[in-house]
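Me: I am new to this structure and would like to know what stands behind the words used for it. Please show it first.

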Amino acid sequence: MILKEQGLVVSVVDHNAMELAPRISEADVADYVALLKPRVMALVVFTALVGLLIAPVHVHPVLAFTSILCIAVGAGASGALNMWYESDIDALMSRTANRPIPRGRVTPPEALTFGITLAFFSVMTLGILVNWVAGALLAFTIFFYVVIYTMALKRWTAQNIVIGGAAGALPPVVAWAAATGSLSVEPLLLFLIIFFWTPPHFWALALFRCEDYARAGVPMLPVTAGPDATRLQILLYTIVLVAVAFAPWPLGYFGAVYGVASLALGGGMLMLAANVYCRREGREASRATRRLFAFSIVYLFALFATLLIEVVVRAAVPSIW
Amino acid sequence: MDDKQEQKGIVLTEAQKKSRRERSIAIALALAVLVVLFFAVTIVKGPAVLMRPM
């Protein structure tokens, strides 16, 4: 049942009615695709692809495809399990009320079965066909996102997305492990970039979705510490992010193209974060947080795209480096 | 409800039949992809496919 009140969409699932009558699913493929969180999956695939391609080894295209597919399916499994566990609070937030479970298209047990099946097959396929370092890391990533972040941290502490951000930062590490069978400094640098990118990105979202999170009882930083403290944290984390993202160039891990791009993009992030910190009221404040949220997505894509360009140019014209 | 209808059990609506068919096709395609993937990797790796580096 969907209620529309004052422009706000709230979905209410009548679980008792669902339990009394034998329920025959009308969920179509699109509902199951929605359970995979396709937009998150796109970011995971892209960052994993970068992790795979910057590895200093030749990976057969079939193995590369297998690795990326398994990581994508593993990310999708995490999304489905996250939606299974969070269906109660999803129904209370306008941003998530249209997800398949709150809408009544997919039942929680169906989502749970779907998620566990995909998680099992993605981990086993990656382990058997590629290597078990990557398989184990993918299993850990899914475990961390579902159990540590979704079940433990999210409803317990305002630091939920800081610690939980590790799950989102692991895909390039898994991909590197798939290519090399081991770990090194480069994938850990990619991990750190995504890890420090996560708080400013999600706190910007939480600032303009504060009422949603408060209604659902999720202790996001703007709910527990207030908007001003969140603005300060966004600025501080952005400073650390820009420094961490720039460091690989002077340290000699990534090239000059990356270094210059990270400076330019980092300048943009800093400017927008400072704007969020300064503009605290009214429409201007809302616009500033939305701008930072939108630009943070562009920032991460562009930063990782620069690494891809470096790899391609290095392969095409080795004498440049 | 008379006996005839009871014996029929649960009767699916057209929408339920359609969505079940869609889901069945998706599962079949996913299994086919898995089979092709295992076959392709076996060809690519050759005998090394039996080696499982930790």
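Predicted model: local features only at pLDDT ≥ 70, side-chain atom pairs only at ≥ 80, totals over all residues.

Me: What makes the size of chain A agree with that of a compact globule?

Reply: The comparison rests on the radius of gyration. A compact globule of 321 residues would come near 20 Å, and chain A has 21 Å, so the two agree. Along its principal axes, the C-alpha trace of chain A spans about 70 × 50 × 30 Å.

Me: What is chain A built from, and how much of chain A counts as buried?

Reply: Chain A has 15 helices and 2 strands. A residue is called buried if 20 or more other C-beta atoms lie within 10 Å of its own. By that count, 48% of the 321 residues of chain A are buried. Among the contacts in chain A with a separation of 6 or more, 71% are between residues 24 or more positions apart.

Me: Why is helix 7 of chain A said to have a kink, and where is the kink centred?

Reply: The bend at a residue is the angle between axes fitted to the seven residues ending there and the seven starting there. In helix 7 of chain A, residues 132-153, there is a kink of about 30 degrees, centred on A:Phe144.

Me: Which residues of helix 7 of chain A are called buried, and what do they pack against?

Reply: The buried residues include A:Val133, A:Leu137, A:Ile142, A:Tyr145 and A:Tyr149. The buried residues of helix 7 pack against helix 4 (61-85), helix 6 (108-129), helix 8 (160-169) and helix 9 (171-180) of chain A.

Me: How do you know that domain 1 and domain 2 of chain A touch?

Reply: The domain assignment gives domain 1 as 1-14 + 35-180 and domain 2 as 184-321. Their centres, taken over C-alpha atoms, are separated by 21 Å. Residues are in contact if their C-beta atoms lie within 7 Å, and the contact takes 25 residues from domain 1 and 25 residues from domain 2. On the domain 1 side, helix 3 (38-53), helix 8 and helix 9 each supply at least two residues. Helix 8 gives the most, with 6 residues. That side has 16 nonpolar, 6 polar and 3 charged residues.

Me: How many residues of chain A are in contact with chain B, and which helix of chain A gives the most?

Reply: In chain A, 16 residues are in contact with 16 residues of chain B. Helix 4 and helix 7 are the elements of chain A that give two or more residues to this side, and helix 4 gives the most, with 3 residues. By class, the side of chain A that touches chain B divides into 9 nonpolar, 5 polar and 2 charged residues.

Methods:
Residues numbered from 1 in each chain as written. Chains lettered and ligands numbered in written order. Helix = DSSP H or I, 4+ residues; strand = E, 2+ residues; numbered from the N terminus. Buried ≥ 20, exposed ≤ 12 C-beta atoms within 10 Å, placed from the backbone. Contact = placed C-beta atoms within 7 Å. Nonpolar A, V, L, I, M, F, W, Y, C, P; charged D, E, K, R; others polar. Domains from an automatic or database assignment. Rg over C-alpha atoms; globule rule 2.2 N^0.38 Å.
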